[in-house]
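Please look over the sequence and the model shown here before reading on. The report then takes up a few places one by one.

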Amino acid sequence: FSKVIQVTDPNQIHLIGHSFGAATQLLAAQQWTSNTESSSSPSSSSAAAAQYPIKSLLVLDAWAFALQENVIKRGLSDSSSISLLLSIISEDWVTNPECDPLVQFLQNSLSSKTTNVLSYYAKDSVHQSFSDSEAWFPSWVATRVKNRGTNEKRHVTIRTVVQFWKDRLDDTTNDDDDDNLASKKKKKKRPASNTSQGGGGGFGGAALEPCPCGSQETYAACCGKLHQDVNSYRMATAEQVVRARYSAYAKKQPDFLIASTHPMHKDFDTDLKRWKSTIKTNMYDNFDMPRCVIVEENYGPSNDTATVRFIAEMVLRETGETTSFMETSTFERAKTHGAWLYRNGTIEAAPGDVQDDDGTAVPKEDDGNESMEQKLANML
């Protein structure tokens with residue numbers, strides 16, 4: 001251990017694992033954190049844990065089925081040093097019932113005040129895409145023996161995952177830097193309020209801002225919950241996800257748009273950094289998003305598919321011109337965590353002036369099958 005530490009930056013310890021190795025890393029992180037939090041044990045392990053805290057975990061197709069139930073229930077809920085727990089699942093493992101313990105571990109880690117828990121799955125990948133065995137064979141052999149996805153290129157999955165992990169670490173570091181900078185700034189005294197109403201609570205003033213989706217609720221009580229809390233997103237209806245996606249354009253939340261998009265959507269991009277940049281370019285600089293009107297909502301017989309028809313209203317900032325369009329969005333439930341994922345959408349002309357939620361709306365001539373991103377981009 002001492003020899004390893006001599007050539008290691010003790011402030012940058014990250015654990016990465018695949019399959020059973022990923023489950024081992026989850027257990028190791030939990031035990032290491034326990035040693036860090038232990039104030040009564042003077043053991044060498046607790047001292048080492050306190051001196052060398054783990055910064056992040058990247059687990060790939062973690063086979064948490066092998067972990068004991070008490071480990072699953074605890075998760076990383078009491079972590080104070082781990083800033084990021086990122087789980088990536090291959091597409092062929094999405095329907096694997098042995099993923100359920102991993103989902104439970106991640107859910108039980110959400111109560112941690114310091115750990116950002118994220119989970120995604122990689123399009124057109126298999127379990128071996130995260131290992132070096134996919135590179136042992138020529139492409140046609142690797143595909144034939146299912147060491148690589150049908151349309152997966154050599155190394156593309158693991159390289160994308162590593163870059164995505166690095167980007168999430170950078171986001172976490174930048175957030176920490178912003179918090180530290182803010183804490184160093186001298187706070188100005190505010191004049192006493194002449195009202196007896198309370199403030200905005202934990203969200204600050206943002207709690208009092210109306211939600212962009214037009215629900216007449218505050219952002220913090222409406223779409224903000226889905227943007228900030230994974231559990232709220234997973235429990236949301238398809239209509240609520242539509243509203244949250246609309247508000248994500250207004251509130252500059254590209255991560256939510258990416259997380260709530262089905263991997264089989266035609267615009268899904270494995271280069272998440274490029275995709276995020278595209279969303280930012282097309283969405284935020286030119287439009288205000290005043291409201292989203294839900295026209296109708298329907299669910300499939302097995303409750304694993306849904307369609308939502310809505311009218312999106314937008315205002316071009318340069319001219320103040322108001323425009324709108326109607327979309328019928330199709331959603332599918334994620335098999336791993338049950339959240340609604342945006343599968344595709346059909347754009348139609350909006351039926352005249354936008355009506356209130358209880359008004360009627362008759363669709364006009366079909367305007368194609370553009371995504372919301374494409375619709376807005378074409379209007380610029």
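This is a predicted model: local features need pLDDT of at least 70, side-chain atom pairs count only at pLDDT 80 or more; totals for chains, interfaces and linings use all residues.

Residues are numbered from 1 along each chain as its sequence is written, and side-chain values use heavy atoms, with hydrogens and water left out.

Serine 19 sits in the loop between strand 1 (13-18) and helix 2 (20-37), where helices (H or I, at least four residues) and strands (E, at least two) are DSSP runs numbered from the N terminus. Serine 19 is buried, with a relative accessible area of 17%; buried means under 20% relative accessible area, calculated with a 1.4 Å probe on protein chains only. Leaving out residues up to four places away in sequence, serine 19 touches Leu60, Asp61, Ala62, Trp63 and His127, contact being heavy atoms within 4.5 Å.

Glutamate 327 belongs to strand 7 (residues 322-333) and is also buried, with a relative accessible area of 1%. Its C-alpha atom is separated by 7.8 Å from that of alanine 312, which is 15 residues apart from glutamate 327 along the chain.

The table lists side-chain polar contacts of these two residues; a polar contact is a pair of N or O atoms within 3.5 Å, of which, within protein, one must be able to donate a hydrogen and the other to accept it, and residues adjacent in sequence count only if both atoms are side-chain atoms.

| Residue | Partner | Polar contact |
|---|---|---|
| Serine 19 | Histidine 127 | 3.1 Å |
| Glutamate 327 | Serine 329 | 2.8 Å |
| Glutamate 327 | Tyrosine 342 | 2.6 Å |

The largest nonpolar core has 80 residues, and those with the most contacts inside it include Leu26, Leu67, Leu85 and Phe105. Such a core is a set of buried Ala, Val, Leu, Ile, Met, Phe, Trp, Tyr and Cys residues joined through side-chain atoms within 4.5 Å. Apart from its neighbours within four places in sequence, phenylalanine 105 is in contact with Leu26, Gln30, Leu67, Val71, Ile72, Gly75, Leu76 and Leu85.

Turning to the second largest pocket, its lining includes Ser215, Glu217, Lys225, Met235 and Arg243. A pocket is an open set of points on a 1 Å grid over the protein atoms alone, where a 1.4 Å probe fits, with protein on both sides within 12 Å along at least five of seven lines, and lining residues have an atom within 4 Å of a point. The largest share of this pocket's lining, three residues, comes from helix 8.

Definitions and conventions
Buried means under 20% relative accessible area, exposed over 50%, partly exposed in between (1.4 Å probe, protein chains only).
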